[in-house]
Amino acid sequence: MFGKWNTKSVRVEMALTGSLYLNDVQALQAGLIRCIDEGNKRLSLDFSQVEYIDCTCLGALVCVHKRAQEKGSLLELKGVQGRILYLFELTRLDKELLIV
């Protein structure tokens, strides 16, 4: 699940919580792409309270990352830890996505 969008001019911040499954991820991806298309230059996702993600979440993040690159925007993932960080490392997405 995810909380409210916090938009600050050209920056969008989102704190994610709990588990992210297909339905949640589709809405998140659509919202992030809309933010990029509207001209937001920095998207920051806080994963510190996320307990589980599935492969659809990984795919959505790659898709959003690519759109951000195309539009000159930046997607950053904050607070990634534990099993979720391990999943990013296992898939080598920690080398592709900006994890801070």
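Let's start with Leu77: beyond its neighbours within four places in sequence, Leu77 is in contact with Leu45, Phe47, Leu61, Phe88, Leu97, Leu98, Ile99 and Val100. Keep in mind that this is a predicted model. Leu77 also belongs to the residues with the most contacts inside the largest nonpolar core.

**The nonpolar core**
- This largest core has 28 residues, and Leu45, Phe47, Ile53, Leu61 and Phe88 join Leu77 as those with the most contacts inside it.
- At least two residues of the core come from each of strands E2 (11–20), E3 (42–53) and E4, and from each of helices H1 (22–37), H2 (55–70) and H3 (82–90).

**Aromatic pairs**
- There are two aromatic pairs to look at.
- Tyr21 and Tyr52 have ring centres 5.4 Å apart and planes at 35°, so this pair is tilted.
- Because Tyr21 sits in the loop between E2 and H1 while Tyr52 is in strand E3, the pair ties together parts 31 residues apart in sequence.
- Tyr21 is partly exposed at 44% relative accessible area, and Tyr52 is partly exposed at 36%.
- Phe47 and Phe88 pair edge-to-face, with 6.3 Å centre to centre and 90° between the planes.
- Phe47 belongs to strand E3 and Phe88 to helix H3, so their pair ties together parts 41 residues apart in sequence.
- Both Phe47 and Phe88 are buried.

**A nonpolar surface patch**
- On the surface, Leu74, Leu98 and Val100 form a nonpolar patch with about 220 Å² of accessible area together.
- Leu74 lies in strand E4 (residues 74–78) and is partly exposed, at 32% relative accessible area.
- Leu98 and Val100 are also among the contacts of Leu77.

Conventions:
Residues numbered from 1 in each chain as written. Predicted model: local features only at pLDDT ≥ 70, side-chain atom pairs only at ≥ 80, totals over all residues. Heavy atoms only, no water. Patch = residues over 30% accessible without salt bridge, like charges linked within 9 Å, V, L, I, M, F, W, Y side chains within 5 Å. Areas by Shrake-Rupley, 256 points an atom, 1.4 Å probe, with all protein chains shown as cover. Salt bridge = Lys/Arg side-chain N within 4 Å of Asp/Glu carboxyl O. Helix = DSSP H or I, 4+ residues; strand = E, 2+ residues; numbered from the N terminus. Buried < 20%, exposed > 50% of the residue type's maximum accessible area, 1.4 Å probe, protein only. Core = buried A, V, L, I, M, F, W, Y, C linked by side-chain atoms within 4.5 Å. Contact = heavy atoms within 4.5 Å. Phe/Tyr/Trp six-rings, centres within 6.5 Å; stacked < 30°, edge-to-face > 60°.
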